[in-house]
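Please look at the sequence and the structure before reading on.

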Amino acid sequence: MSAQDRTLDHYQELMTINATSHVLRAGRELGLFDALLEGQKTIEVLSEKTGVSEARLNLLLRPLTSVGIIEKYEDDFAISSVARLLCQYDSDLGDALWNTTASALKNDRKTGADTAVPQSRFDSIAATQWVHTPAAMQAAEILDFGPTPSEEGEGTVLVANDSGPQTMLDLGCGSAVWSCAMAHRDPQLSVTLIDHLGALESAVATANSIELGNRFEAIEGDPLTRELPDKQFDHVLLAQRLNSYAPEQIQTMLQRAVSATKSGGRVIVIDSFEGPHRPTLAESIEALRIGIETEGGAVPPLKDAEERMKEAGLESIQFTFIAASRMGLGLMTGFKP
């Protein structure tokens with residue numbers, strides 16, 4: 001493919017992405033999504049509810065069906081599960097946030113230990129965290145939770161890990177997708193969750209949905225300030241949390257995590273990191289979102305993130321990108337001496 005062809009392809013892709021956002025916005029403004037949230041409907045009924053003729057409404061339904069926002073079953077149209085989530089947690093398609101992009105970028109804000117992160121930031125992460133399920137399962141395998149592969153005879157079998165009962169603190173758990181994947185893989189792992197009430201309700205529901213509720217304990221509180229037991233846990237998990245905080249708050253969270261970890265235990269950080277590769281569109285959008293949605297959050301270069309772990313007293317720092325992640329999340333671990 002020539003350079004000119006690549007340019008034309010990129011141009012068409014950008015125009016299609018832009019057009020799709022406007023199509024979604026038109027569907028919302030016409031009340032199409034609200035009508036379909038009530039249940040499946042024919043185009044005749046949708047025409048009545050939106051005030052758009054069937055022929056012209058069909059022009060809108062076609063691209064919405066192509067991108068999977070709306071599904072068609074013979075003569076009926078239905079809203080997809082993705083769109084239900086969108087309507088429930090991001091009903092304005094993120095306009096309230098993205099409309100502030102230019103002004104937010106012009107605002108060089110001073111941050112410190114008392115910089116507040118909007119609770120809506122953590123709520124939106126918790127609400128959509130289920131999309132990271134494949135990545136969470138891969139992370140649990142990378143971290144060597146549960147059975148490990150072993151060559152036996154003519155094939156590979158899974159052999160139980162002899163590490164014995166393990167404890168984990170999921171500090172700022174969100175919907176606990178990450179710790180649930182680890183507990184699902186390791187039947188000897190018990191988890192303590194700490195977060196605000198809404199997140200805890202979602203986390204407990206996640207654990208119960210895969211029959212792990214008896215190994216999860218929920219404690220309500222702000223992950224930044226809630227008192228933690230000292231040297232109690234084999235693992236402390238900070239998943240999709242640190243990048244929302246200002247630098248001083250990150251150090252506080254890491255120090256709290258280290259204090260709660262047993263000697264020889266490990267602190268696990270799962271988040272976005274700036275690596276040597278060229279960032280994907282999803283990674284770039286996430287970095288921009290963090291920058292305009294929080295006062296002091298940012299995606300750190302790998303070297304900076306490693307230095308923070310060392311400054312908190314951790315050793316043997318290791319990092320890997322999670323290949324199954326749809327937004328380039330990475331996994332960094334460090335052990336407490």
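## The chain as a whole

The structure discussed here is a predicted model. The protein contains 14 helices and twelve strands. Along its principal axes, the C-alpha trace spans about 70 × 55 × 50 Å.

Of the 337 residues in the protein, 44% are buried.

## Helices α1 and α4

Two packed helices are described by the angle between their axes and the distance between the axes. Helix α1 covers residues 3-29, and its axis comes within 10 Å of the axis of α4. The two axes cross at roughly 125°. An angle of 65 to 115 degrees would count as roughly perpendicular and one over 145 as roughly antiparallel; α1 and α4 are therefore oblique to each other. Their crossing is left-handed.

On the side of α1, the residues in contact are Val23, Leu24, Ala26 and Gly27, and they meet Leu60, Pro63 and Leu64 in α4. Sorted by class, this contact has six nonpolar residues, one polar residue and no charged residues.

## Helices α12 and α14

Helix α12 (residues 247-260) and helix α14 (residues 302-311) have axes that come within 9 Å and cross at roughly 50°. An angle under 35 degrees would count as roughly parallel; α12 and α14 are therefore oblique to each other. Here the crossing is right-handed.

Which residues of α12 and α14 meet? From α12 they are Pro247, Ile250, Gln251 and Leu254, and from α14 they are Arg308, Met309 and Glu311. By class, the contact of α12 with α14 has four nonpolar, one polar and two charged residues.

## A cluster of aromatic rings

A pair of aromatic rings is described by the distance of the centres and the angle of the planes. The count of aromatic pairs in the model comes to three. One of these pairs is formed by Phe273 and Phe319, with 5.0 Å from centre to centre and 70° between the planes. Planes over 60 degrees apart count as edge-to-face, and the pair of Phe273 and Phe319 is of this kind. The pair links distant parts of the chain, since its two residues are 46 residues apart. Phe273 lies in the loop between β10 (261-272) and α13 (281-293), whereas Phe319 lies in strand β11 (residues 315-321). Phe273 counts as buried because its relative accessibility is 8%, while Phe319 is partly exposed, with a relative accessible area of 27%.

Phe319 also forms an edge-to-face pair with Phe321, at 4.8 Å centre to centre and 85° between the planes. Phe321 counts as partly exposed, at 29% relative accessibility. Phe273, Phe319 and Phe321 form one aromatic cluster.

## A mostly covered helix

How many of the nine residues of helix α10 are buried? Helix α10 spans residues 177-185, and seven of its nine residues are buried, so that the helix is mostly covered. The buried residues are Val177, Trp178, Ser179, Cys180, Ala181, Met182 and Ala183.

## Residues in loops

Most residues other than glycine have a negative phi. Asp144 has a positive phi, near 65°. Asp144 is found in the loop between α9 (133-142) and β4 (148-152), and it is partly exposed at 40% relative accessibility. Gln240 likewise has a positive phi, of about 50°, although it is not a glycine. The place of Gln240 is the loop between β9 (233-239) and α12. Is Gln240 buried or exposed? Gln240 is buried, with a relative accessible area of 10%.

Gly68 belongs to the loop between α4 (54-66) and β2 (70-73). With a relative accessibility of 31%, Gly68 counts as partly exposed. Gly68 and Ala260 are 192 residues apart in sequence. In space, their C-alpha atoms are 44 Å apart.

Notes: Residues numbered from 1 in each chain as written. Predicted model: local features only at pLDDT ≥ 70, side-chain atom pairs only at ≥ 80, totals over all residues. Heavy atoms only, no water. Axes fitted to C-alpha atoms, helices over the stretch in contact; angles between N-to-C directions. Helix = DSSP H or I, 4+ residues; strand = E, 2+ residues; numbered from the N terminus. Left-handed = near helix turned anticlockwise from the far one by under 90°. Contact = heavy atoms within 4.5 Å. Nonpolar A, V, L, I, M, F, W, Y, C, P; charged D, E, K, R; others polar. Phe/Tyr/Trp six-rings, centres within 6.5 Å; stacked < 30°, edge-to-face > 60°. Buried < 20%, exposed > 50% of the residue type's maximum accessible area, 1.4 Å probe, protein only.
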